[in-house]
Amino acid sequence: MEMEKRLMLELRNRKASDVKELVLDNCRSDDGKITGLTSEFDSLEFLSMININLLSVSNLPKLPKLKKLELSDNRISGGLEVLAERTPNLTNLNLSGNKIKDINTLEPLKKLPHLTSLDLFNCEVTMLTNYRESVFELLPQLTFLDGFDEEDKEAPDSDPEADELEENGEDDEDDEEEFEDELDDEEEDEEGEDEEGEEEEEEDEDEEDDAPQGEKRKRDLEDEGDEDDFDEEDDDE
């Protein structure tokens, strides 16, 4: 499903300004960029865009209340300064499974003062020597990197908000199927109307062809009689 269509699904019966949680996982981005998401979503606190073939976050609108951003399993390799400019209150950022190769790529995140958790699983940068020490040194505001703090203590497992969002995600999948079914039904209704119109025209033609031969002959004779009367009038003149 395309990102804009998915947004229509998420927005049914709601205003963009009322949405606090938005899950757009597995939809299709437009040429690797975010589409349809605007600054009208100014109440958004959680945004998930996992596995949407995203190359860049350059089109991310300003989301002043956003705290958690899920961007795992995309193809982002840089341009993170946009996050510092447009999500100033971000606390949790997941960039796992992206194309982050260098520690310096993360430098713009220094401008996110509230960032406490960063995930970079399955990024090439995690293979660098002294990776963890370098990231904690670069981003002193961080508490957890890849689920562990600087002393290798694991982050708390239980996150009621995350559990609730996961449940909502399952509901969203059901809603998405229902929404697609509705769109398919509308298209089928339109096709059905066109077919009915064609069938009615064909029936009218068949009725004319199926008329009894006597009636058809009578009509033809009447038409010829009218023409003869018209010719006689012309002769009298």
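In this predicted model, the side chain of T87 reaches the backbone oxygen of L83 at a distance of 2.6 Å. T87 is placed in the loop that runs between α2 and β4, the latter spanning residues 92-94. With a relative accessibility of 0%, T87 counts as buried, because the cut-off for burial is a relative accessible area under 20%. When neighbours within four places in sequence are left aside, the residues in contact with T87 are L60, L63, L66, V82 and L112.

L93 belongs to the largest nonpolar core, which comprises 46 residues. Within this core, L93 is one of five residues that touch the most other members, together with L47, M49, L109 and L118. Two or more residues are given to the core by each of α1 (3-11), α2 (81-86) and α3 (131-138). Of the elements, α3 gives the most, contributing four residues. In soluble globular proteins, nonpolar side chains tend to be buried together.

The burial pattern of α3 was examined next. Y131, V135, F136 and L138 are the buried residues of this helix. They line one face of α3, since their directions fall within an arc of 165 degrees when seen down the helix axis. This buried set packs against β5 (117-119) and β6. On the face turned away from the buried side, α3 carries the exposed residues E133 and E137.

A one-sided arrangement is also found in α1, where M3, R6, L7, L9 and E10 are buried. These residues lie on the same side of α1 because they cover an arc of only 155 degrees around the axis. Just after this helix, N13 adopts a positive phi of about 65 degrees.

The strands of the model form an open sheet of six members, in the order β1-β2-β3-β4-β5-β6, with parallel pairing. The edges are formed by β1 (21-23) and β6 (144-145), each of which pairs on one side only. Strands of a sheet pair through backbone hydrogen bonds, either parallel or antiparallel. Between β1 and β2 (residues 46-48), which run parallel, there are three bridges. In this pair of strands, E21 stands opposite F46 of β2. The edge strand β6 is also one of the two strands against which the buried residues of α3 pack.

The loop between β3 (68-70) and α2 contains R75. R75 has a relative accessible area of 37% and is therefore partly exposed. Its side chain makes a polar contact, at 2.9 Å, with the side chain of N53. Beyond neighbours within four places in sequence, R75 is in contact with N53, L54, L55, N98 and K99. R75 is also 8.3 Å from G32, C-alpha to C-alpha, although the two are 43 residues apart in sequence.

D73 is likewise placed in the loop between β3 and α2. Phi of D73 is positive, near 60 degrees, in a residue other than glycine. A relative accessible area of 44% makes D73 partly exposed. Most residues other than glycine have a negative phi, and most peptide bonds are trans. A further positive value is found at D152, which is not a glycine and has a phi of about 65 degrees. D152 is located in the loop between β6 and α4 (160-209). At 52% relative accessibility, D152 counts as exposed, because the cut-off for exposure is over 50%.

Finally, the cysteines were considered. The structure holds zero disulfides. C27 is buried, with a relative accessible area of 4%. C123 is buried as well, its relative accessible area being 2%.

Note on methods
Residues numbered from 1 in each chain as written. Predicted model: local features only at pLDDT ≥ 70, side-chain atom pairs only at ≥ 80, totals over all residues. Heavy atoms only, no water. Pairing = 2+ DSSP bridges. Core = buried A, V, L, I, M, F, W, Y, C linked by side-chain atoms within 4.5 Å. Buried < 20%, exposed > 50% of the residue type's maximum accessible area, 1.4 Å probe, protein only. Arc of directions from axis to C-beta. Polar contact = N/O pair within 3.5 Å; in protein donor to acceptor, adjacent residues only side chain to side chain. Contact = heavy atoms within 4.5 Å. Disulfide = S-S within 2.5 Å.
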